[in-house]
Amino acid sequence: MQESKFQSLESKSVSPEFPRQLDIATVSVYGLAILSGGLFLFLPLVNLLHPSPWQRSLGTIHSFSAVLTTIVVAYTGHLAFPLLRGSSKVLPQMRTLTFWSTVITTLGVFTGNIAYTRYRANIAYGGARAWLKANTPLVQYIFMEFHEFSCLFTLPLGVACTWILWHYSDSILDKQNRPVLTATCVALMGMMFFAMGGLVSGLAIAKVHAL
(Lines give C-alpha, C1' and ligand atoms only; values in the text may rest on other atoms or scores of the structure.)
Protein backbone atom coordinates (compact mmCIF):
# COMPACT_ATOMS: atom_id res chain seq x y z
CA MET A 1 0.00 0.00 0.00
CA GLN A 2 2.77 2.39 1.02
CA GLU A 3 4.74 1.36 -2.04
CA SER A 4 1.85 2.22 -4.36
CA LYS A 5 1.47 5.63 -2.66
CA PHE A 6 5.17 6.24 -3.09
CA GLN A 7 5.00 5.39 -6.82
CA SER A 8 1.99 7.66 -7.21
CA LEU A 9 3.77 10.58 -5.53
CA GLU A 10 6.88 9.92 -7.62
CA SER A 11 4.91 9.96 -10.86
CA LYS A 12 3.22 13.21 -9.85
CA SER A 13 6.56 14.84 -8.97
CA VAL A 14 7.89 14.26 -12.52
CA SER A 15 6.73 16.84 -15.01
CA PRO A 16 4.91 15.34 -18.03
CA GLU A 17 6.99 17.64 -20.24
CA PHE A 18 10.27 16.14 -19.00
CA PRO A 19 11.63 13.73 -21.68
CA ARG A 20 11.56 10.10 -20.77
CA GLN A 21 14.74 8.04 -20.66
CA LEU A 22 13.63 6.18 -23.77
CA ASP A 23 13.34 9.46 -25.68
CA ILE A 24 16.79 10.54 -24.53
CA ALA A 25 18.24 7.19 -25.59
CA THR A 26 16.57 7.40 -29.01
CA VAL A 27 17.81 10.94 -29.61
CA SER A 28 21.31 9.92 -28.45
CA VAL A 29 21.44 6.92 -30.78
CA TYR A 30 20.26 8.91 -33.81
CA GLY A 31 22.53 11.81 -32.90
CA LEU A 32 25.60 9.62 -32.61
CA ALA A 33 24.71 7.81 -35.85
CA ILE A 34 24.36 11.10 -37.76
CA LEU A 35 27.58 12.45 -36.22
CA SER A 36 29.52 9.27 -37.03
CA GLY A 37 28.17 9.21 -40.59
CA GLY A 38 29.11 12.87 -41.05
CA LEU A 39 32.66 12.25 -39.84
CA PHE A 40 32.96 9.25 -42.17
CA LEU A 41 31.75 11.28 -45.16
CA PHE A 42 34.14 14.07 -44.19
CA LEU A 43 37.12 11.72 -44.62
CA PRO A 44 37.64 12.29 -48.41
CA LEU A 45 37.89 16.05 -47.85
CA VAL A 46 41.17 15.51 -45.98
CA ASN A 47 42.74 14.82 -49.39
CA LEU A 48 42.28 18.51 -50.24
CA LEU A 49 44.95 19.36 -47.65
CA HIS A 50 47.56 17.01 -49.16
CA PRO A 51 50.68 18.65 -50.66
CA SER A 52 50.52 16.42 -53.76
CA PRO A 53 48.30 17.94 -56.49
CA TRP A 54 47.47 14.41 -57.71
CA GLN A 55 46.17 13.44 -54.30
CA ARG A 56 44.18 16.67 -54.05
CA SER A 57 42.46 16.05 -57.39
CA LEU A 58 42.38 12.34 -58.27
CA GLY A 59 42.64 11.24 -54.65
CA THR A 60 39.65 13.33 -53.60
CA ILE A 61 37.47 12.17 -56.50
CA HIS A 62 38.36 8.50 -56.00
CA SER A 63 37.92 8.77 -52.22
CA PHE A 64 34.40 10.15 -52.58
CA SER A 65 33.42 7.44 -55.06
CA ALA A 66 35.02 4.72 -52.91
CA VAL A 67 33.24 5.86 -49.73
CA LEU A 68 29.91 6.16 -51.55
CA THR A 69 30.37 2.73 -53.13
CA THR A 70 31.18 1.12 -49.79
CA ILE A 71 28.14 2.66 -48.07
CA VAL A 72 25.66 1.59 -50.75
CA VAL A 73 27.16 -1.89 -51.26
CA ALA A 74 27.38 -2.52 -47.50
CA TYR A 75 23.75 -1.47 -47.02
CA THR A 76 22.71 -3.76 -49.88
CA GLY A 77 24.83 -6.61 -48.57
CA HIS A 78 23.37 -6.51 -45.08
CA LEU A 79 19.86 -6.92 -46.56
CA ALA A 80 21.04 -10.18 -48.15
CA PHE A 81 20.78 -11.83 -44.73
CA PRO A 82 16.97 -11.42 -44.32
CA LEU A 83 16.52 -12.23 -48.02
CA LEU A 84 18.44 -15.46 -47.53
CA ARG A 85 15.99 -16.35 -44.78
CA GLY A 86 13.15 -15.87 -47.28
CA SER A 87 11.92 -12.40 -46.31
CA SER A 88 9.87 -11.33 -49.33
CA LYS A 89 9.29 -7.73 -48.19
CA VAL A 90 12.95 -6.74 -48.85
CA LEU A 91 13.01 -8.22 -52.37
CA PRO A 92 11.78 -5.10 -54.28
CA GLN A 93 14.24 -2.96 -52.32
CA MET A 94 17.03 -5.44 -53.03
CA ARG A 95 16.43 -5.28 -56.79
CA THR A 96 16.72 -1.48 -56.79
CA LEU A 97 19.66 -1.35 -54.39
CA THR A 98 21.60 -4.03 -56.26
CA PHE A 99 21.15 -2.13 -59.51
CA TRP A 100 22.40 1.14 -58.00
CA SER A 101 25.21 -0.68 -56.20
CA THR A 102 26.43 -1.93 -59.57
CA VAL A 103 26.17 1.54 -61.13
CA ILE A 104 28.07 3.19 -58.26
CA THR A 105 30.62 0.36 -58.22
CA THR A 106 31.27 1.03 -61.91
CA LEU A 107 31.92 4.67 -61.01
CA GLY A 108 34.30 3.60 -58.24
CA VAL A 109 36.23 1.24 -60.53
CA PHE A 110 36.38 3.92 -63.23
CA THR A 111 37.84 6.57 -60.91
CA GLY A 112 40.13 3.92 -59.43
CA ASN A 113 41.58 3.15 -62.84
CA ILE A 114 42.22 6.84 -63.46
CA ALA A 115 44.04 7.07 -60.11
CA TYR A 116 45.91 3.87 -60.96
CA THR A 117 47.52 5.50 -64.01
CA ARG A 118 49.13 8.04 -61.69
CA TYR A 119 49.97 5.29 -59.20
CA ARG A 120 52.07 3.49 -61.87
CA ALA A 121 54.10 6.58 -62.80
CA ASN A 122 57.88 6.27 -62.86
CA ILE A 123 59.73 6.90 -59.60
CA ALA A 124 61.34 9.93 -61.23
CA TYR A 125 57.86 11.48 -61.34
CA GLY A 126 56.99 10.43 -57.80
CA GLY A 127 55.05 7.29 -58.72
CA ALA A 128 53.72 5.47 -55.64
CA ARG A 129 54.08 1.96 -57.08
CA ALA A 130 57.78 2.33 -57.87
CA TRP A 131 58.43 3.96 -54.49
CA LEU A 132 56.63 1.19 -52.60
CA LYS A 133 58.49 -1.58 -54.50
CA ALA A 134 61.79 0.07 -53.70
CA ASN A 135 61.13 0.88 -50.04
CA THR A 136 58.38 -1.37 -48.65
CA PRO A 137 57.49 -4.04 -51.24
CA LEU A 138 55.07 -5.88 -48.92
CA VAL A 139 52.64 -2.97 -49.23
CA GLN A 140 52.68 -3.36 -53.01
CA TYR A 141 52.58 -7.17 -53.13
CA ILE A 142 50.01 -7.67 -50.38
CA PHE A 143 47.88 -4.57 -49.87
CA MET A 144 47.86 -3.26 -53.44
CA GLU A 145 47.33 -6.67 -55.04
CA PHE A 146 44.45 -7.32 -52.63
CA HIS A 147 43.08 -3.82 -53.28
CA GLU A 148 43.12 -4.30 -57.06
CA PHE A 149 41.41 -7.67 -57.10
CA SER A 150 38.94 -7.04 -54.27
CA CYS A 151 37.68 -3.85 -55.93
CA LEU A 152 37.44 -5.49 -59.35
CA PHE A 153 35.53 -8.50 -57.96
CA THR A 154 32.66 -6.24 -56.89
CA LEU A 155 31.72 -5.29 -60.46
CA PRO A 156 31.03 -8.75 -61.99
CA LEU A 157 29.29 -9.80 -58.77
CA GLY A 158 27.04 -6.73 -58.94
CA VAL A 159 26.21 -7.27 -62.62
CA ALA A 160 25.41 -10.95 -62.06
CA CYS A 161 23.25 -10.29 -58.97
CA THR A 162 21.37 -7.47 -60.71
CA TRP A 163 20.60 -9.65 -63.71
CA ILE A 164 19.47 -12.59 -61.54
CA LEU A 165 17.22 -10.50 -59.25
CA TRP A 166 15.51 -8.73 -62.17
CA HIS A 167 15.31 -11.86 -64.34
CA TYR A 168 13.76 -14.11 -61.69
CA SER A 169 11.78 -11.30 -60.01
CA ASP A 170 9.46 -12.63 -57.26
CA SER A 171 9.84 -16.21 -58.48
CA ILE A 172 13.34 -16.33 -56.96
CA LEU A 173 11.61 -17.03 -53.62
CA ASP A 174 9.99 -20.18 -55.03
CA LYS A 175 11.19 -23.46 -53.64
CA GLN A 176 12.72 -24.68 -56.90
CA ASN A 177 14.77 -21.46 -57.18
CA ARG A 178 16.14 -21.70 -53.65
CA PRO A 179 19.72 -22.53 -54.82
CA VAL A 180 19.68 -19.44 -57.07
CA LEU A 181 18.51 -17.27 -54.17
CA THR A 182 21.23 -18.67 -51.91
CA ALA A 183 23.97 -18.11 -54.49
CA THR A 184 22.77 -14.54 -55.11
CA CYS A 185 22.71 -13.68 -51.40
CA VAL A 186 26.16 -15.16 -50.87
CA ALA A 187 27.43 -13.17 -53.86
CA LEU A 188 25.95 -9.96 -52.40
CA MET A 189 27.65 -10.69 -49.08
CA GLY A 190 30.91 -11.30 -50.96
CA MET A 191 30.41 -8.01 -52.81
CA MET A 192 30.02 -6.26 -49.46
CA PHE A 193 33.19 -7.90 -48.13
CA PHE A 194 35.26 -6.98 -51.18
CA ALA A 195 33.98 -3.37 -51.14
CA MET A 196 34.89 -2.90 -47.48
CA GLY A 197 38.22 -4.69 -47.97
CA GLY A 198 38.98 -2.47 -50.94
CA LEU A 199 38.29 0.67 -48.93
CA VAL A 200 40.44 -0.42 -45.99
CA SER A 201 43.36 -1.57 -48.16
CA GLY A 202 43.15 1.64 -50.20
CA LEU A 203 43.32 3.75 -47.05
CA ALA A 204 46.30 1.69 -45.85
CA ILE A 205 48.19 2.25 -49.11
CA ALA A 206 47.42 5.98 -49.15
CA LYS A 207 48.68 6.19 -45.58
CA VAL A 208 52.10 4.85 -46.66
CA HIS A 209 52.36 6.75 -49.98
CA ALA A 210 49.82 8.99 -51.67
CA LEU A 211 49.42 9.57 -55.41
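Analyst: Arg95 and Asp170 form a salt bridge, with their closest N and O atoms 3.4 Å apart. The term here means a side-chain nitrogen of Lys or Arg within 4 Å of a carboxyl oxygen of Asp or Glu. Arg95 sits in helix H4 and Asp170 in the loop between H6 and H7, so the pair ties together parts that are 75 residues apart in sequence. A search of the whole structure finds 1 salt bridge. Arg95 counts as buried because its relative accessibility is 12%. Buried means under 20% relative accessible area, exposed means over 50%, and partly exposed lies in between (1.4 Å probe, protein chains only).

A word on the basis. This is a predicted model, in which local features need pLDDT of at least 70 and side-chain atom pairs count only at pLDDT 80 or more, while totals for chains, interfaces and linings use all residues. Residues are numbered from 1 along each chain as its sequence is written, and side-chain values use heavy atoms, with hydrogens and water left out.

The protein chain has 7 helices and 0 strands. From the N terminus on, its elements run α-α-α-α-α-α-α. Both kinds of element are DSSP runs numbered from the N terminus: helices are H or I with at least four residues, strands are E with at least two. Of the 211 residues in the chain, 36% are buried. Take the contacts between residues at least 6 apart in sequence: 70% of them join residues at least 24 apart. Contact means heavy atoms within 4.5 Å.

The largest nonpolar core has 21 residues. Such a core is a set of buried Ala, Val, Leu, Ile, Met, Phe, Trp, Tyr and Cys residues joined through side-chain atoms within 4.5 Å. Ala80, Leu83, Met94, Ile172, Cys185 and Leu188 touch the most other members. Helices H3 (53–84), H4 (91–119), H6 (137–168) and H7 (178–208) each supply at least two residues of this core. H7 gives the largest share, 8 residues. Ile172 is in contact with Leu91, Ile164, Leu165, Asn177, Val180, Leu181 and Thr184, leaving aside its neighbours within four places in sequence. A second, separate core has 9 residues, including Ala115, Val139, Ile205 and Leu211.

Pro53 is in helix H3. Pro53 counts as partly exposed because its relative accessibility is 48%. Ser65 is also placed in helix H3, but Ser65 is buried at 5% relative accessibility. Not counting residues up to four places away, Ser65 touches Leu107, Gly108 and Thr111.

His147 lies in helix H6 and is buried at 13% relative accessibility. Its side chain makes a polar contact with that of Ser201, at 3.1 Å. A polar contact is a pair of N or O atoms within 3.5 Å; within protein, one must be able to donate a hydrogen and the other to accept it, and residues adjacent in sequence count only if both atoms are side-chain atoms. Outside four places in sequence, His147 touches Gly198, Ser201, Gly202 and Ile205. Phe194 belongs to helix H7. Its contacts beyond four places in sequence are Ser150, Phe153, Thr154 and Leu157.

Finally, the surface. The chain exposes about 13,100 Å², and carbon and sulfur atoms supply 71% of that area. Areas come from the Shrake-Rupley method with a 1.4 Å probe; for residues, only the protein chains shown count as cover. Phe40, Leu41, Phe42, Leu43, Leu45, Val46, Leu48, Phe64, Ile71 and Leu203 make a nonpolar patch of about 840 Å². Patches are made of residues with over 30% relative accessible area and no salt bridge; like charges are joined within 9 Å, and nonpolar side chains (Val, Leu, Ile, Met, Phe, Trp, Tyr) within 5 Å. Helix H2 (21–42) and H3 are the elements that give two or more residues to the patch. H2 gives the most, with 3 residues. Leu45 is placed in the loop between H2 and H3. Leu45 is partly exposed, with a relative accessible area of 33%.
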